[in-house]
Amino acid sequence: MAHTSMLALVAMVLVDALDLFFLSLLGDVEIIAGLGFAWPIIFFTLAVSLGISTAMTALVSRAEGVGDRNRAKIYATHILVFGLVLSGVMTVVFWLSAPWMLDMFGAVGKARDVGVTYVQIVILCLPVLVLSMSSGALLRAIGAKQRAMWSKMTGAAVNAILDPIFIFGFDWGVEGAAWATVVSRIAIMAVAFYGVRNVHHMLGRFDATLFRKDIRDIARVTVPVGLAKIGPPIASAFIMSSMAKFGPDAVAAMAIIERIGPFVFVGYMALPQAIGPIIGQNFAAAKIERIRSIWHNVWGLVVVYGAIVCTALFLFQGQIAALFSATDQTAAYLSIFCSFTAPFYVFLGLQFSSHTFFNVTGRPNLAMTFDLAKELLGVIPLVWLGSYYLGAAGVLIGQAAGIALFGVLTGLFSYRLTCLMKPYDNDQFAEIASRSSKTL
């Protein structure tokens, strides 16, 4: 489950890095800075999409765990409808407010114009993003991990092919990179949704009366996850505005780190996608010992993977700076990340896995609390202190310290909760599933 998720995510985040790489060939640091300012908004839309897909994982995997495939289909349909309506409203709001938000982040001049252009194009496919991510989560929840992987790899291939054509061949620049992203997301949606509808036949009949009842279950997961994911884009915007005080070289460095960080630590994003369906099904089936054994494997994977990645970053930091045509000052900031702060990102693996555990076992409020606390009580205050005393380097150090502090707290709390967990009484869930099936 982990390796298929990781391969898919590697392909996706590699495309983000390629976007930055191709645009860096234009030789304008303001373009890279503009993408840095746009990233918090893009991150927020990804966070909302993740909240809806998490609801898909939690509810469908639990229905599968009690052996009710029909109920799983109904949940799938209602979650997709909910996601499309919500994302449609958000598309209009974000498209209209993009210029104001970049002004608030401190973007000025060409960097602001680049950021607004990129956001307003990419935001148009937010409903497509929600549908593709939810469909992929549904496929993983029923064990169809290969098709979920191939959908993302197809989108990544499309983006990688179209990037140089649109950016250089058509001379569209930043607009070309944005449109390549839009087309790639459409490709992901087409492959994933075809698998959901035509291969695995996982769409049930929409029922308006039952949908109104299911909204409570969907919102019980989506709202806390969505609120939790508000924290990272807020912190990212604060970090970017803090970096903006030290010039475009500092913003460009942060933009590069925001791209290569998800790429090299992609295993930490894949791990929750892997363990979510497994924990959800075993939780519903009351197999608590299996959930405990999963945690032992998670800790080992997090440590080993982190050691490998951090060693590679340290050894190849010069090549990374050269790859993105970094200026001397930008390269110096990148060196701080590769040499000193990257090891603290290991704690993201514990945080992400803990949040998945909270969400699929019916404790999304805990995930929300820890995530918001990390950003609002950890990262933002420490970034402010770091920037005040140490300048741009202090921003990187403060961010890493916040990640480490709450990564440890979240990991220890979730592990302790697992050790104390008693067999899950699934009578209530089974009753809901039975009643829903009879209703239809």
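## A walk across the domain interface

Across the interface of domain 1 and domain 2, the rule finds zero residue pairs in polar contact with both residues at pLDDT 80 or more (a polar contact is a pair of N or O atoms within 3.5 Å; within protein, one must be able to donate a hydrogen and the other to accept it, and residues adjacent in sequence count only if both atoms are side-chain atoms). The model is predicted: local features need pLDDT of at least 70, side-chain atom pairs count only at pLDDT 80 or more, and totals for chains, interfaces and linings use all residues. Residues are numbered from 1 along each chain as its sequence is written, and side-chain values use heavy atoms, with hydrogens and water left out.

**Stop 1: the two domains.** Select 1-206 for domain 1, then 230-439 for domain 2; these bounds come from an automatic or database domain assignment. Their C-alpha centres lie 19 Å apart. Here, 41 residues of domain 1 are in contact with 45 of domain 2, contact meaning heavy atoms within 4.5 Å. Together the domains bury about 3900 Å², 75% of it on carbon and sulfur atoms (the accessible area, with a 1.4 Å probe, that two parts lose on being put together, summed over both).

Which helix gives the most to the side of domain 1 that touches domain 2? Colour H2: that helix gives 19 residues. Helices here are DSSP runs (H or I, at least four residues), numbered from the N terminus.

**Stop 2: the core.** Now pick Tyr 118, Phe 265, Leu 313 and Phe 337, which touch the most other members of the 127-residue largest nonpolar core. Such a core is a set of buried Ala, Val, Leu, Ile, Met, Phe, Trp, Tyr and Cys residues joined through side-chain atoms within 4.5 Å; buried means under 20% relative accessible area (1.4 Å probe, protein chains only). Helix H2, residues 29-65, gives the most to this core, with 18 residues. The core draws at least three residues from each domain. Zoom in on Phe 337: beyond four places in sequence, its contacts include Ile 257, Phe 265, Leu 313 and Leu 396.

**Stop 3: Glu 258.** Go to helix H10 (248-264), where Glu 258 lies. Buried or exposed? Glu 258 counts as buried because its relative accessibility is 13%. Past four places in sequence, Glu 258 contacts Trp 39, Ser 236 and Met 240.

**Stop 4: Ile 294.** Last, find Ile 294 in helix H12 (288-315). Leaving aside neighbours within four places in sequence, Ile 294 is in contact with Ile 275, Ile 278 and Ile 279.

Conventions: Helices (H or I, at least four residues) and strands (E, at least two) are DSSP runs, numbered from the N terminus. Buried means under 20% relative accessible area, exposed over 50%, partly exposed in between (1.4 Å probe, protein chains only).
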